[in-house]
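Here is a short report on one protein chain. Look at the model first, then read on.

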Amino acid sequence: MIVKRFYDSKLAQTSYLIGCGRTGNAVVIDANRDIEQYIRTADAEGVRITHVTETHIHADFVSGSRELAASTDAALYLSDEGGEGWQYTWASDAGATLLHDGDSFSVGNVVVEAVHTPGHTPEHVSFLITDTAAADAPIAMVTGDFVFVGDVGRPDLLERAAQVHGTMEASARALYHSLQKFAEREDWLQIWPGHGAGSACGKGLSAVPHSTVGYERRFNWAFTVADEDEFVSMVLAGQPEPPRYFAEMKRINRDGPRVLDGFPEPVRCADDELQPLLQSGAIVVDTRSAAEFAAGHVHGTLNIPLDNSFTTWAGWLLPYDTDFHLIVDSQVPGRVQTAVRDLAMIGLDRVAGVFQASAVTGGALSAGAERAGGEGAEHSRGAERVEQITPQELAERMQREQFTIVDVRGASEWKEGHVPGAINIPVGYLAERIGSIPRDMPIVLHCQSGARSAIASSVMLREGVPVLNLVGGMSAWRQAALPVEQ
């Protein structure tokens with residue numbers, strides 16, 4: 001049996017290619033939209049993708065199952081569990097075979113058996129994998145968003161992200177009973193989960209790529225709680241805010257992802273097109289680092305650095321029904337393609353054009369520098385900076401003047417300790433709640449380390465609200481032994 005694990009660090013998402021070396025057949029489970037990676041690997045391993053399936057209707061990325069099955073002429077298998085309202089509406093058109101608990105299919109000598117594991121979602125299935133050429137019992141279970149290493153899939157997303165009200169507690173109880181059945185399986189059964197550390201599909205996922213039933217039964221918190229009510233309380237407590245785009249992913253993956261046929265090459269824009277776009281209210285995303293953006297950027301642009309958190313914050317802050325443009329350092333090979341791919345992975349396909357970073361930022365900043373008169377002159381020519389303040393400077397100034405301090409971390413982080421007097425507005429909600437922030441005193445933004453508050457600063461500045469960014473965030477504030485309020 002051949003097993004290949006694919007891990008997308010920006011999505012913290014795992015998919016699998018499992019093949020039969022004897023017959024040359026292979027199945028891909030939980031494919032994302034970058035389908036070429038599976039086709040290349042299958043070719044390199046000397047197998048052909050003959051089956052495609054997934055564990056559930058995903059909320060955190062656009063599924064690639066439909067496109068991969070069509071591109072490889074593979075048989076497509078989808079869950080038919082969960083009842084009305086939890087069905088793939090495109091399954092019939094795609095010729096998919098619908099799976100129920102206990103159904104199985106063969107990939108050469110490898111048997112894949114569906115096990116209904118509701119809780120994270122009602123239709124969720126996991127897959128027992130048996131290599132019949134070597135054994136008569138499963139070697140592993142592909143658990144999707146059911147069981148992770150060190151955690152379990154959160155049961156609150158349907159209510160908190162997809163706005164299906166009244167489902168949170170029922171889903172938590174369904175998850176509890178799914179876990180009780182799972183815990184009865186053999187200690188040596190391997191667990192191949194669908195996510196790792198950093199995923200918003202749980203609150204304490206390990207970076208370890210796989211585990212066993214025996215290990216999780218002993219060390220995963222969810223298996224140490226015997227009382228159902230206590231489990232429900234614990235699994236729902238402290239879950240991070242689900243990114244805004246999760247609801248859109250549910251809709252796209254339920255109704256049928258659009259077939260891309262590769263990631264499109266965006267139009268390259270001339271630098272003199274930028275100001276007219278911004279004046280029209282268009283969204284332009286500067287993908288440079290937070291430090292570069294703070295040092296100087298074009299007024300009106302939004303900063304989402306092209307790093308491992310790019311996908312998450314793009315999903316929080318960018319619209320699905322409107323074109324937008326990017327500012328990218330295209331002198332770095334592959335940078336533009338990376339940005340387009342990362343956005344497409346969560347269905348943000350409306351990249352209308354790309355500006356070269358050095359051309360637009362360098363031009364705006366040099367133009368601003370040519371004029372005397374300080375900050376006002378720079379703003380008239382489009383240049384802007386993010387003002388920084390250290391914890392020591394803020395603490396000293398707080399002795400003689402008042403500030404509006406906005407903590408843009410999650411609610412659970414804020415409750416664990418914050419700068420005295422700070423109000424909590426997570427960065428993903430900042431744009432819609434900006435009107436509630438008092439402006440009769442200087443505004444200071446902070447997060448845990450400074451990354452999220454840098455993005456938040458660009459949100460505020462784009463709306464014309466001046467801010468100060470707390471250098472190092474709450475971590476630096478604590479390290480300076482300054483007062484913390486709880």
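C20 is buried, at a relative accessible area of 4%. This is a predicted model, and the values below are computed from it.

**Cysteines**

C201 is buried too, with a relative accessibility of 0%. How many disulfides does a search of the whole structure find? The count is zero. A disulfide is a covalent bond between the sulfur atoms of two cysteines.

**Overall build**

The protein has 18 helices and 23 strands. Its radius of gyration is 24 Å, close to the 23 Å that the globule rule gives for 486 residues, so the protein is as compact as a globular protein of that length. Along the principal axes, the C-alpha atoms fill a box of roughly 80 × 50 × 35 Å.

Of the 486 residues, 55% count as buried. The protein exposes about 19,900 Å². Carbon and sulfur atoms supply 48% of that area. Now take contacts between residues at least 6 apart in sequence: 66% of them join residues at least 24 apart.

**Nonpolar cores**

The largest nonpolar core holds 54 residues. Which members touch the most other members? They are I304, L318, F324, L326, L343, I443 and M460. Take L343 and leave out residues up to four places away in sequence. L343 then touches F310, A314, L318, F324, L326, L348 and V351.

Six strands form an open sheet in the order 7-8-9-10-11-12. The pairing is mixed. Which strands stand at the edges? They are strand 7 (104–107) and strand 12 (211–212). Each has a single partner strand, so one side of each is left without a neighbour in the sheet.

Strands of a sheet pair through backbone hydrogen bonds, either parallel or antiparallel. Strand 11, residues 190–193, pairs with strand 12 in the antiparallel sense, over two bridges. Within strand 12, T212 is the bridge partner of Q190.

Technical notes: Residues numbered from 1 in each chain as written. Predicted model: local features only at pLDDT ≥ 70, side-chain atom pairs only at ≥ 80, totals over all residues. Heavy atoms only, no water. Core = buried A, V, L, I, M, F, W, Y, C linked by side-chain atoms within 4.5 Å. Buried < 20%, exposed > 50% of the residue type's maximum accessible area, 1.4 Å probe, protein only. Contact = heavy atoms within 4.5 Å. Pairing = 2+ DSSP bridges. Helix = DSSP H or I, 4+ residues; strand = E, 2+ residues; numbered from the N terminus. Disulfide = S-S within 2.5 Å. Rg over C-alpha atoms; globule rule 2.2 N^0.38 Å. Areas by Shrake-Rupley, 256 points an atom, 1.4 Å probe, with all protein chains shown as cover.
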